[in-house]
Amino acid sequence: ALIFKVLKAAYLDKAVLSSLNLSQIDVLKYWELNIHLEKIGDRLKYIALIVPDVDKKLKKVFSNMILELEKLYLDCMVAFYKFSPHDATAVSIRRKKLIVDIKEEIEKNNCIICSRFAINAFNMVHNINDIARIVRYLR
């Protein structure tokens, strides 16, 4: 919540904006980034709540998917901080395979907990992709 206050102050007050060495487009980028980071964190929290109810086999499946989500997220954040539209595009392309992999795994295991996991994982993938869009379109 603090970052929103700082960004709002920077957007409304040109002196704050220049003291932070930001442009208005930077404020927009960081505002959008923060929204998506918050949503990713919320989804991860929801996944953590369902993990105790999962058997060992599914824990392994979920763990592997979370590791793939983590790799995608880290690559996206590197693209963001490197200002690399090329790397951001690569993240967007990779997300499609991850979505297919999650769908296949969930269909194979066919259970309510799997569906709850999938909803949260899909939302995380989409938020990661939205961060990649920021890199590609807001320079």
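1. Fold content. The model is predicted, and the protein in it has 6 helices and 0 strands. In sequence order the pattern reads α-α-α-α-α-α.

2. Overall dimensions. Taken along the principal axes, the box filled by the C-alpha atoms of the protein is roughly 55 × 30 × 15 Å. The protein has an accessible surface of about 8,500 Å². Carbon and sulfur atoms account for 60% of that surface.

3. Burial and contact range. Of the 139 residues in the protein, 36% are buried. Contacts between residues at least 6 apart in sequence were also sorted by separation: 71% of them join residues at least 24 apart.

4. Helices H3 and H6. Helix H3 spans residues 24–50 and helix H6 spans residues 112–137. The two pack at an angle of about 165°, and their axes lie 9 Å apart. Because angles over 145 degrees count as roughly antiparallel, H3 is described as roughly antiparallel to H6. The crossing of this pair is left-handed. Sorted by class, the residues in the contact of H3 with H6 are 15 nonpolar, 4 polar and 6 charged.

5. Helices H5 and H6. Helix H6 also packs with helix H5, residues 85–109: the axes of H5 and H6 come within 9 Å and cross at roughly 170°. H5 and H6 are therefore roughly antiparallel to each other. The contact of H5 with H6 is made up of 16 nonpolar, 6 polar and 3 charged residues.

6. Leu17, placement and burial. Which helix holds Leu17? Leu17 sits in helix H2, which covers residues 14–19. Its relative accessibility is 8%, so Leu17 counts as buried; the cut-off for that label is under 20%.

7. Leu17, surroundings. Leaving aside residues up to four places away in sequence, which residues does Leu17 touch? The contacts are with Ala10, Leu22, Ser23, Gln24 and Val27. Among these, Gln24 and Val27 have numbers that fall in the range of helix H3, residues 24–50. Val6 lies 11 residues from Leu17 along the chain, and the C-alpha atoms of Leu17 and Val6 are separated by 9.4 Å.

8. Points to keep together. Helix H6 takes part in both pairs above, with H3 at about 165° and with H5 at roughly 170°. Both of these pairs are roughly antiparallel. Leu17, in H2, is a buried residue at 8% relative accessibility.

Technical notes:
Residues numbered from 1 in each chain as written. Predicted model: local features only at pLDDT ≥ 70, side-chain atom pairs only at ≥ 80, totals over all residues. Heavy atoms only, no water. Axes fitted to C-alpha atoms, helices over the stretch in contact; angles between N-to-C directions. Helix = DSSP H or I, 4+ residues; strand = E, 2+ residues; numbered from the N terminus. Parallel < 35°, antiparallel > 145°, perpendicular 65-115°, else oblique. Left-handed = near helix turned anticlockwise from the far one by under 90°. Nonpolar A, V, L, I, M, F, W, Y, C, P; charged D, E, K, R; others polar. Buried < 20%, exposed > 50% of the residue type's maximum accessible area, 1.4 Å probe, protein only. Contact = heavy atoms within 4.5 Å. Areas by Shrake-Rupley, 256 points an atom, 1.4 Å probe, with all protein chains shown as cover.
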